[in-house]
Amino acid sequence: MYKRLSSVLFPVMTLLLIGAIVWGYQENQEKNAILIKAENQYQRAFHDLSFHMDKLHGEIGNTLAVNSTSGSMHRKGLVNVWRMTSEAQNEINQLPLTMLPFNKTEEFLSKISKLAYQTSIRDLDKEPLNDKEFKTLQVLYKDSGQIAKDLQGVQNKVIDSRLRWMDVETALASQSTGENSIIDGFRTVDKTVGEYPDMDWGPSVASMKDKRAVKKLDGVPVTKEDIHRKAIKFADLGSNPEVQITENGKGTEWASFTAKVKKNKDSAAIAMDFTQKGGILISYTDERTIGDKKVDMDLSRGKVDKFLEHKGYSNMTPVMADEYGNMGNFTYVRKQDDVLIYPEKMTIRVGLDNGEVTGFQASDFVYEHHAQRPIPKAKLSLDEARKKLNIDFKEDYSRKSLIEDELSNEVLCYEFGGKVNGANYRIYISAEDGSEKAVEEIKTPIKSK
């Protein structure tokens with residue numbers, strides 16, 4: 001009997017064991033493939049960052065090298081500076097540096113980008129670069145060269161020692177950043193940038209700094225205990241959830257807290273970022289797994305409206321919608337006195353398996369928000385502004401909007417939504433002088449309610 005039973009069970013158990021080994025091997029291979037892909041993406045972004053910082057240095061040099069009256073070459077050089085800066089900023093965003101203070105360098109690049117763009121769009125034949133702007137470019141040439149040199153030093157260490165960015169991500173997540181050449185290198189770069197003397201960037205860049213770096217949020221600095229309470233209340237996962245609080249950028253202007261709240265150890269976490277001053281929520285992410293698409297964007301919009309109202313974001317209006325597979329994105333702006341306030345915007349993600357909100361990014365809303373924003377009076381009527389439209393434009397709706405123009409000035413506009421050339425567009429006509437302030441193509445129009 002035992003022999004007969006063994007003769008049956010032994011092959012079965014052998015097959016099960018082999019199956020488990022094969023399954024484990026495949027799982028391990030898939031995991032390794034994902035890690036290799038992530039590592040390759042990080043390495044590509046980092047090497048591209050080093051390349052574009054070197055190119056940025058070169059383009060500033062090219063702009064300075066030509067004759068001081070060469071408006072066309074200055075414009076070409078500044079456009080290239082703006083393009084290289086944008087590339088560098090994009091690559092920084094692709095690296096796992098969110099927990100590492102790198103804000104000085106990012107702010108420095110933002111200022112270069114703003115300066116280059118604002119200068120390149122003006123008529124340089126009528127208003128050429130002045131002595132002050134040349135001096136600023138000379139300082140930027142020197143400083144960008146030092147940043148490029150420092151990044152190349154980090155790049156050489158990465159190549160020579162075969163360092164991995166996945167180790168950086170792990171070290172930052174665990175806050176054990178003691179011995180890591182990449183982290184140390186980026187800290188050195190940021191420290192160097194932070195020691196650069198202040199420059200006269202001009203009024204357009206100064207206004208950007210006022211909005212993002214100098215502007216003080218209301219409220220006093222909060223503690224981890226304050227964030228603990230706020231996170232539990234906003235997550236609304238019951239009376240005794242698991243909460244983990246992490247402090248980011250301690251001692252810097254951009255200090256913040258990250259809170260992760262879980263109903264229990266087996267449930268998906270809800271991650272939230274709060275400002276250190278005032279404890280204001282700036283981002284929210286539900287880390288649940290999104291299933292197959294079962295609902296449409298219209299149903300999801302209704303759920304987003306209820307979510308925002310329930311969470312204390314009143315008078316918000318959707319102005320943009322995009323769908324990506326089983327995910328949807330909405331852009332909402334605040335409405336005041338029947339005027340849409342575009343600077344106060346937030347983006348909301350939904351899972352199209354059930355239409356529920358899976359996250360939002362509200363930094364623009366937080367830093368630009370006014371309880372009662374001053375809105376200029378319209379000098380033109382709606383009909384007068386309408387006459388400025390293309391005669392082939394088929395209008396679907398019109399409304400008042402407050403937007404920022406290319407010089408970062410807030411402008412009251414009449415916003416017209418409609419069709420021309422077989423596509424949907426929004427056209428913003430100044431309510432002051434009738435000029436076209438912005439035009440944008442809309443892939444997925446939002447139906448007005």
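How many salt bridges does a search of the whole structure find? I worked on a predicted model, and my search of the whole structure returned 18 salt bridges.

Entry 1: I looked up Asp-226 and found a salt bridge to Arg-229, with the closest N and O atoms 2.4 Å apart. Both residues belong to helix α8 (residues 224–235), where they are three residues apart, about one turn of the helix. I recalled that an α-helix has 3.6 residues a turn, so residues three or four places apart point the same way. I then checked accessibility. Asp-226 is partly exposed, its relative accessible area being 21%; the cut-off for buried is under 20%. Arg-229 is exposed, at 53%, where the cut-off for exposed is over 50%.

**Entry 2: a pair between strands β6 and β7.** I next examined Glu-344 and Arg-334, whose side chains form a salt bridge at 2.6 Å, N to O. Glu-344 sits in strand β7 (residues 339–351) and Arg-334 in strand β6 (residues 327–336), so this pair ties together parts that are 10 residues apart in sequence. Are these two partners buried or exposed? Glu-344 is buried, with 0% relative accessibility, and Arg-334 is buried as well, with a relative accessible area of 7%. I also noted that Arg-334 and Glu-344 belong to a network of salt bridges that links them with Glu-368, Arg-373 and Glu-410.

**Entry 3: a pair between strands β10 and β11.** I found a salt bridge between Arg-426 and Glu-415, the closest N and O atoms lying 3.1 Å apart. The pair links distant parts of the chain, 11 residues apart, with Arg-426 in strand β11 (residues 423–430) and Glu-415 in strand β10 (residues 410–420). I recorded both residues, Arg-426 and Glu-415, as buried.

**Entry 4: Leu-299.** I located Leu-299 in helix α9 (residues 297–310). Leu-299 counts as partly exposed, because its relative accessibility is 44%. Leu-299 and Glu-356 are 57 residues apart in sequence, and I noted a C-alpha to C-alpha distance of 9.5 Å between them.

Note on methods:
Residues numbered from 1 in each chain as written. Predicted model: local features only at pLDDT ≥ 70, side-chain atom pairs only at ≥ 80, totals over all residues. Heavy atoms only, no water. Salt bridge = Lys/Arg side-chain N within 4 Å of Asp/Glu carboxyl O. Helix = DSSP H or I, 4+ residues; strand = E, 2+ residues; numbered from the N terminus. Buried < 20%, exposed > 50% of the residue type's maximum accessible area, 1.4 Å probe, protein only.
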